[in-house]
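Dear colleague,

I am passing on the structure below for you to look over.

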Amino acid sequence: MKKLTTALLAAGLLLSASACSSPQLSTAETCDRVRTVVSSPTGNMGKTGMIKLANQIRPIEAVASDDLKPALRAILDYADESVKEHPDSAKLNELSTAYQNAGSTYSQFCSQ
């Protein structure tokens, strides 16, 4: 577990450092990048699938448009809590609502 935490922390630091030099994406560009992530198979949506999803969304969230940044943050918060060894069920339930709303927001801005 410590190795996983260390790897995720290192990846997060690397992504945040690279995001500092990246321009903010437009809503259409953010939609395209998220669409690419969600269309690629991540295996089952168990813990491994949620970790992969979150790790693919993190760099996008860092440069996402203002319209989609809160939705991507909600997805990441839900994914992070759900993959914990002992997730807080009350917090997960609360984050589940935001996660579902994030899906609606994504559909609102990214439907073709």
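Three helices, H2 (27-39), H3 (47-63) and H5 (89-110), each supply at least two residues to the lining of the second largest pocket, and H5 gives the most, with four residues; helices here are DSSP runs of H or I with at least four residues, numbered from the N terminus. This is a predicted model, in which local features need pLDDT of at least 70 and side-chain atom pairs pLDDT 80 or more, while totals for chains, interfaces and linings use all residues. Residues are numbered from 1 along each chain, and side-chain values use heavy atoms, with hydrogens and water left out.

The second largest pocket has a volume of about 160 Å³ and is lined by 10 residues, of which Val38, Leu53, Ile75, Tyr99 and Gly103 lie nearest its centre. A pocket is an open set of points on a 1 Å grid over the protein atoms alone, where a 1.4 Å probe fits, with protein on both sides within 12 Å along at least five of seven lines, and lining residues have an atom within 4 Å of a point; the volume is the space filled by probe spheres set on the points, which are joined across faces, edges and corners.

In H3, a kink of about 30° lies at Ile57, shortly before Pro59, the bend being the angle between axes fitted to the seven residues ending there and the seven starting there.

Thr30, in H2, counts as buried because its relative accessibility is 0%.

Best regards

Note on methods. Buried < 20%, exposed > 50% of the residue type's maximum accessible area, 1.4 Å probe, protein only.
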